[in-house]
Amino acid sequence: MGILGGGQLGRMFTIAARTMGYKVVVLDPDFASPAGQMADVHLQADYTDHGALRQLGAACAAVTTEFENVPAASLIELAKHCRVSPGAQCVAIAQDRSHEKSWLAQNGFATAPFALVYSEGDLDAGLADTGTPAILKVARFGYDGKGQARVNTREEARAAFREFGEQPCVLEGFVKLEREVSVVLARDDAGECALFPVAENRHENGILDVSIVPARVPDSLARQARDMARDIAGKLGYVGVMAVEFFVADGRLMVNEIAPRPHNSGHYTLDACVTDQFEQQVRVLCGLPLGDTRLLSPVAMVNILGDRWHDGGPHWDALLAHPNVKLHLYGKETARPGRKMGHFNVLDADVEAALQLAEQMRGAL
Ligand code: ADP
Ligand code: MG
């Protein structure tokens with residue numbers, strides 16, 4: 001198996017693949033990549049390096065990706081040599097917010113009001129569509145809330161657009177969120193879908209902080225989220241693991257974004273489901289039957305960011321001593337504020353108790 005990208009998602013894919021007996025090649029330019037440490041072979045090269053792509057394609061039966069910013073051209077190149085999933089056209093939609101939002105709207109999926117912004121001149125009409133406050137988001141390469149600015153006036157919108165170097169952006173109306181939820185799913189060549197339970201997500205400064213599963217929403221809303229995620233995957237002709245993030249406002253769902261890969265909000269599956277999202281990625285990539293996505297226990301997942309590494313790092317003792325808690329660290333050498341260093345899952349028969357314990361454990365770090 002091959003994977004483009006060597007971050008924590010690639011690392012957990014690599015572990016899952018090796019657990020199932022596969023050998024793994026990771027392509028990532030960073031010599032200290034978390035996935036490279038776990039791989040049989042780490043090709044340390046750029047994602048557009050023709051030689052490295054040829055080597056990857058020749059060595060692997062199938063290649064997938066752990067991040068959406070892979071150049072579509074690299075996936076097309078690889079597909080000449082081996083099986084590639086997800087396909088280049090799906091990644092191209094998900095990696096550009098303007099394509100993504102337009103595709104969702106054209107296919108009848110509710111989103112926050114939005115406008116595409118290519119020049120300063122688009123901002124006035126855009127703000128008239130979205131109202132204020134609004135969020136200006138760069139169309140490409142934004143993640144964890146980076147490349148986003150909340151704006152209240154046209155002057156603020158202009159200033160933000162200039163600050164982003166006048167690159168293409170999407171302007172979005174600011175939604176009064178009741179909640180955020182997400183669905184991770186896998187879809188195979190035959191169009192068969194396996195959906196994981198709906199996660200309820202809390203963000204802190206635009207970065208996922210906690211996922212709570214099952215999401216504390218009415219059954220009808222959870223069903224709707226899963227149906228919409230399945231429809232999106234179907235209409236995209238998607239093959240692989242993907243995630244759909246939703247906003248909940250006034251009891252209704254809006255699609256926020258699509259990730260063409262496993263997702264941070266699916267890390268709970270590592271300890272709480274029969275099959276986790278990374279094993280599922282291996283299965284769908286290899287054309288194996290999709291695994292059982294059944295939830296074995298309510299769970300709360302907490303991200304551990306680099307912010308906690310002042311004075312020699314977190315105190316793991318309480319967390320490791322607790323029978324309901326499972327710790328996952330990504331092997332990153334350097335901690336930086338906002339950098340995802342690991343996560344932990346807290347299992348409990350009662351979801352509220354899991355959340356409460358998760359908060360207590362975070363406090364103890
Ligand atoms: P990223 O790629 O960084 O995850 P998102 O568009 O998902 O970008 O934004 C990150 C978070 O910021 C969201 O999960 C949500 O909490 C908040 N957010 C983004 N867009 C909006 C919006 N239009 N209205 C309200 N909150 C938003
Ligand atoms: Mg997001």
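By class, the residues in the shell around ligand 1 divide into 6 nonpolar, 7 polar and 7 charged. In this scheme Ala, Val, Leu, Ile, Met, Phe, Trp, Tyr, Cys and Pro count as nonpolar, Asp, Glu, Lys and Arg as charged, and the others, Gly among them, as polar.

Before I continue, a word on conventions. This is a predicted model, in which local features need pLDDT of at least 70 and side-chain atom pairs count only at pLDDT 80 or more, while totals for chains, interfaces and linings use all residues. Residues are numbered from 1 along each chain as its sequence is written, chains are lettered from A and ligands numbered from 1 in the order in which they are written, and side-chain values use heavy atoms, with hydrogens and water left out.

Let me return to the ligand. The shell around ligand 1 holds 20 residues, and the closest are Lys137, Gly145, Val175, Glu180 and Asn256. A residue is counted as near a molecule if one of its heavy atoms lies within 4 Å of it.

Which side chain has an N or O atom 2.7 Å from an oxygen atom of ligand 1? That side chain belongs to Asn256. The side chain of Glu245 also places an N or O atom 3.1 Å from an oxygen atom of the ligand. Val175 contributes through its backbone, where an N or O atom lies 2.9 Å from a nitrogen atom of ligand 1. For reference, a polar contact is a pair of N or O atoms within 3.5 Å; within protein, one must be able to donate a hydrogen and the other to accept it, and residues adjacent in sequence count only if both atoms are side-chain atoms.

Taken alone, ligand 1 exposes 550 Å², and the protein buries 91% of that area. These areas come from the Shrake-Rupley method with a 1.4 Å probe, and for residues only the protein chains shown count as cover.

Helices (H or I, at least four residues) and strands (E, at least two) are DSSP runs, numbered from the N terminus. Why does ligand 1 lie between domain 2 (113-173) and domain 3 (177-364)? It does so because both domains give residues to its shell. The domain bounds come from an automatic or database domain assignment.

I turn now to the loops beside these strands. Asp250 sits in the loop between E14 and E15, and its phi is near 50°, a positive value in a residue other than glycine. Is Asp250 buried or exposed? Asp250 counts as exposed, at 67% relative accessibility. Here buried means under 20% relative accessible area, exposed over 50%, and partly exposed in between, with a 1.4 Å probe and protein chains only.

Glu166, in the loop between H7 and E9, also has a positive phi, near 55°. Glu166 is partly exposed, with a relative accessible area of 43%. Thr153 is placed in the loop between strand E8 (148-151) and helix H7 (154-163), and at 32% relative accessibility it is partly exposed.

Two peptide bonds are cis. One runs from Thr132 to Pro133, with omega near -5°, and Pro133 lies in the loop between helix H6 (121-130) and E7. The other runs from Val213 to Pro214, with omega near 0°, and Pro214 is in the loop between strand E13 (207-213) and helix H8 (219-236).

Next, the cysteines. How many disulfides are there? The count is 0, where a disulfide is a pair of cysteine sulfur atoms within 2.5 Å. The sulfur of Cys60 is 6.3 Å from the closest cysteine sulfur, in Cys82, which is too far for a bond. Cys60 is buried, at a relative accessible area of 7%. For Cys193, the nearest cysteine sulfur is that of Cys90, 12 Å away. Cys193 is likewise buried, at 16% relative accessibility.

Finally, two covered regions. Ser85 lies in the loop between strand E5 (83-84) and helix H4 (88-94) and is buried, at 4% relative accessibility. Its side chain reaches the backbone oxygen of Val239 at 3.3 Å. Helix H5 (residues 97-106) is mostly covered, with 7 of its 10 residues buried, among them Arg97, Glu100, Lys101 and Trp103. Just after H5, Gly108 takes a positive phi of about 80°.
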